[in-house]
Amino acid sequence: MTTEYPTSLQPEMPATRWGDPAYATGLPDGVRDLVSLVFPIADRPAREDVTVPAPRLGDEQIAGLRGIVGDDHVVLDDATRRRRTRGKSTPDLLRQRSGDLSDAPDVVVRPASHDEVVAVLGYAQEQRIAVVPFGGGTAVTGGLVADLASGDLTGMLSLDLGRMRGLLGIDTVSSTATLEPGLRGPEAEALLAAHGLMLGHFPQSFEYATIGGFAATRSSGQSSAGYGRFDKMVVALRVATPAGEVRLGASPSNASGPDLREIFLGSEGAFGVITEVTVRVRPLPEVKEYEGWRWSSFAAGADAMRALAQSDLLPTVLRLSDENETMINLADPSGIGGEGNAGCLMITGYEGTPAAVAAKKAAVTAALTELGGTPAGSEPGEAWAHGRFNAPYLRDSLLDNGVLVETLETVTFWSNRENLYTRVKTALEETLGEGTLVLCHVSHVYATGCSLYFTVAAPGGEDPLAKWLPAKAAACEAIVAAGASITHHHAVGTDHKPYLTAEIGEVGVDVLRAVKRAVDPAGILNPGVLIP
Ligand SMILES: Cc1cc2nc3c(=O)[nH]c(=O)nc-3n(C[C@H](O)[C@H](O)[C@H](O)COP(=O)(O)OP(=O)(O)OC[C@H]3O[C@@H](n4cnc5c(N)ncnc54)[C@H](O)[C@@H]3O)c2cc1C
C-alpha cells in the first residue's frame, strides 16, 4: 500500500509564498535556462519590510473576545495578521509581495469548539465586527476579504478554525465519519487511515486546505472521477449562524423538501461557520496504479473521456492535457520539447482492491485502445502522481523570476467544450499579448460535460498584477459568453461575484440574499463575498 501524499502536518505557509518554506528551492538551473528562452528573467523578491495597518478594534472589544476564547487565542501580532491576509491566488501573492496589506484582519481569533464559535458570532453581531472564517487560507477567488463598507462594521476578525481539528466519530456500519472543520487534508486522511478508511479528496491544495474549506467552496479533487467531488461526499453538516445552529443530514437522502445541505455547501462563510462535517468514507485502497495514454489531439482525447464517462467506465483519476500542457509537462518540466512530449497526454489512475483495479484497468484499456489511444506505460502516470502537489512551488519560483503565472477553471457540457476552450484561450492570448503561453487540461469529467483548467504564463513586466487583472476579466467574459459556469471548483469569492448574476439570474441572486437575511441579519459574515 502506498501513500504518495504527506501524512504529517506541514509547517505554516509564509505570507508571500505557497507551502513549506523548506521546499522553496528556486528554479533548477536547467529549467531556468529553458524559461529564459521564452520569458525575460528579472529578480522580483517579495518585500518583507511591510507595516500591517493598526487594528481598528478597541481594547474593550479585544477583551470581550478574550473572554470567550481565552487570552492566548486572540492574536494581534503583525506576522500572524499578515499570514491571515487574503488567500493564495497569484493576485493575493502579488499584493503580499508588494506590501499591500490593506485587507489585513484586525485580529485573529481561534475558537476551540462549536460553542465558542457561536459565542464569537454573538459577540461580533453585537459589536458589529465582520467575521471571516479561515480554514487553510488557500482560497484563490478572494473569499477571505471582508468589504467593511457594505455595512457599518467596526472592523474584521479572522476566525481561524485551526484548533478544531478532531475526528469526532466514525460509523463503520454506515461508512461515515464526522470531522471538525480545521483538519487539513493529510491530517484527516491520517486519522481515517488509522481505521483502515479514507476520504479520497485530493485537490492540489490538499496539504494545506481544510475539511471546512472544502465544504464551504464545493471543492473538487484530482481523484474526482473515482471518488467524486467533495460536496457529493458530504452527508451531514453542523453550522453555527448568527441566527442559531443549523444541523442538516438526518438521513443519507430524503424527500423532505429542497435539500438544505446544498445551501451551506459552497456558501463560502457568508451563511455560517461550518463546525462539523460528516462525510462518506471508504476502505483504503490496497493498490494504486497510474499510467499515461497519448492522443493525436485534445479533441480526440476529450472524446475518449466522454465515451468513458458515458459508459460508466471511469477510472479513479482521469485527466487530459492539451498540446501546450503536454509539451511543457508540469510534472517534469526538464523534458520540455522532448519527443515524449508530443500530442496530448492523458493520465489514468486506478485505486482499490487488486481484483477491482485489474478489472477496471482491463475494461478502460480495451475502450481507450478501441478509441485510438496509444498506451504510454506507467512512467508518465507515476511522474504525475509524484509531482501532483508541486506546481504551486514552481509558481513561486517563476514569480521570483518575473514571470506571471496564474490558473483559472470553468465547466461546461461536452457539446460546448471546444467553443469554451477556444474562447478562453483566445481571450487570454489577446489580452496578455506576445510571449503568452496558455496551457489547459480537462480536470474533471461527468457523463454530461467536463471542467477545463487553464494555466497561463506571460512576461510579468514592471506590474504583473496590472497585467493580469484585465486578462482575468477577459477570460471571465469569455466564459460567460460561451454559456459556461464561472467556476467548477474554485468558488465565487469576490473575484467571480460580478459574473454570478449572468449564471443564476436576478431571482437566483434574490434567493441568496433572502437566505443571507435569514441566517445573518446583521450582515457580519464574510461581507462582500459570494452575493452580488
Ligand atoms: C495552489 C492551489 C491549488 C488548488 N487546487 C485546488 C483543487 O485542486 N481543487 C479545488 O477544489 N480547489 C483548489 N484550490 C482552491 C482552494 O484550495 C479550495 O477552495 C479549498 O477548498 C479552500 O480550503 P481552505 O481550507 O484553504 O479554505 P480557506 O481558503 O480558508 O477559505 C475559503 C473560503 O471558505 C470559507 N471557509 C473556510 N472554512 C470555513 C468554515 N469552516 N465554515 C464556513 N466557511 C469557511 C472562507 O471564509 C473562504 O470564503 C487550490 C488553491 C491553491 C492555492
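Predicted model: local features only at pLDDT ≥ 70, side-chain atom pairs only at ≥ 80, totals over all residues.
1. T241 is buried, with a relative accessible area of 6%; buried here denotes under 20% relative accessible area, exposed over 50% and partly exposed in between, computed with a 1.4 Å probe on protein chains only. T241 belongs to strand β8 (residues 234-241). Helices (H or I, at least four residues) and strands (E, at least two) are DSSP runs, numbered from the N terminus. A polar atom of the T241 side chain lies 2.7 Å from the backbone oxygen of G244. Beyond its neighbours within four places in sequence, T241 is in contact with L121, V246, F264, F271, G272 and V519, contact being heavy atoms within 4.5 Å.

2. Residues are numbered from 1 along each chain as its sequence is written, and side-chain values use heavy atoms, with hydrogens and water left out.

3. T348 and G292 are 56 residues apart in sequence, yet their C-alpha atoms are 6.2 Å apart in space. Not counting residues up to four places away in sequence, T348 touches E289, Y290, E291, W293, P315, V317, L318 and L368.

4. The ring centres of Y290 and W384 are 5.9 Å apart and the planes stand at 65 degrees, so the pair is edge-to-face. Rings of Phe, Tyr and Trp (its six-membered ring) pair if their centres lie within 6.5 Å; planes under 30 degrees apart count as stacked, over 60 as edge-to-face and the rest as tilted. This pair links distant parts of the chain, with Y290 in strand β12 (residues 287-295) and W384 in helix α14 (residues 379-387), 94 residues apart. Y290 counts as buried at 3% relative accessibility, and W384 counts as buried at 7%.

5. The structure holds 9 aromatic pairs. In one of them, F214 and F230 have ring centres 5.4 Å apart and planes at 55 degrees, so the pair is tilted. F214 lies in helix α7 (residues 211-217) and F230 in helix α9 (residues 230-233), 16 residues apart. F214 is buried at a relative accessible area of 2%, and F230 is buried at 0%. Elsewhere, ring pairs link F202, F206 and F389 into a cluster.

6. The buried residues of α16 are R417, L420, Y421, V424, K425, A427, L428 and L432. Seen down the axis, these fall within an arc of 155 degrees, so they line one face of the helix; the arc is that of the directions from the helix axis to the C-beta atoms.

7. Which elements do the buried residues of α16 pack against? They pack against α11 (298-310), α12 (323-328), β16 (403-413), β17 (437-445), β18 (449-459) and α17 (464-481). The charged end of R417 sits over the ring of F298, 5.4 Å from its centre. After α16 comes G433, whose phi is positive, near 80 degrees.

Methods:
Lys NZ or Arg CZ within 6 Å of the ring centre and 35° of its normal. Polar contact = N/O pair within 3.5 Å; in protein donor to acceptor, adjacent residues only side chain to side chain.
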